[in-house]
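Have the structure open as you read.

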Amino acid sequence: MKKIILSVLVASVTLIAADSATVYKPGLLLPANGEAIYKKQCASCHGEKGEKIAFEGSIAIAGMDKVKHAKELKDYRYGSINKYGYGAQMKGKLVDLSWDEIDAVAEYVHGLK
Ligand code: HEC
């Protein structure tokens, strides 16, 4: 019996430790972490600091106004904008994010230089 209790304890401590190491994981109810989401979902195309141009003619997003940005991301998520014909790439990255997470990403990008 003692052994069982001990192993349950060890297992739960391991779970808690693993949980606190998680910065961003879809489906987990953690506070929205704009930086972690940006690095996982956006940096590959827009650059670590929002300095890259994802598509010829598009803008570098660093420092963008957060209200305008959040609105645009929600529109891409919904599929109601497609500025250069590549909106589907954006939708794919946003469809699993909540409104809170999108706001947090927009806030983070606003702080990038
Ligand atoms: C697979 C590459 C890719 C990823 C990942 C990606 N984007 Fe984009 N992004 C694009 C492309 C391509 C466009 C142009 C879409 C269009 O045709 O309207 C774009 C457009 C944008 C625009 C509008 C730029 C302009 O010129 O007005 C913003 C803002 C933006 N992305 C932010 C983000 C954010 C924030 C994330 C992460 C949640 C993200 N993107 C993830 C490729 C990507």
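Which residues coordinate the iron atom of the ligand? They are H46, through NE2, and M90, through SD, at 2.0 Å; donors here are N, O and S atoms within 2.8 Å of the metal (3.2 Å for Na, K and Ca), with water not among the atoms. The pair ties together distant parts of the chain, since H46 lies in helix 3 and M90 in helix 5, 44 residues apart. Helices are DSSP runs of H or I with at least four residues, numbered from the N terminus.

Before going on, bear in mind that this is a predicted model, where local features need pLDDT of at least 70 and side-chain atom pairs pLDDT 80 or more, while totals for chains, interfaces and linings use all residues. Residues are numbered from 1 along each chain, and side-chain values use heavy atoms, leaving out hydrogens and water.

Back at the iron atom, six donor atoms subtend angles of 85 to 179°, which makes the arrangement octahedral (six donors, opposite ones over 155 degrees apart and all others between 65 and 115).

Now look at the polar contacts, meaning pairs of N or O atoms within 3.5 Å. A side-chain N or O atom of Y84 is 2.6 Å from an oxygen atom of the ligand. For Y86, a backbone N or O atom lies 2.6 Å from a ligand oxygen atom.

Finally, step back to the shell around the ligand: helix 5 gives the most to it, with five residues.

Technical notes:
Polar contact = N/O pair within 3.5 Å; in protein donor to acceptor, adjacent residues only side chain to side chain. Helix = DSSP H or I, 4+ residues; strand = E, 2+ residues; numbered from the N terminus. Tetrahedral: all angles 85-135°; square planar, octahedral: opposite > 155°, others 65-115°.
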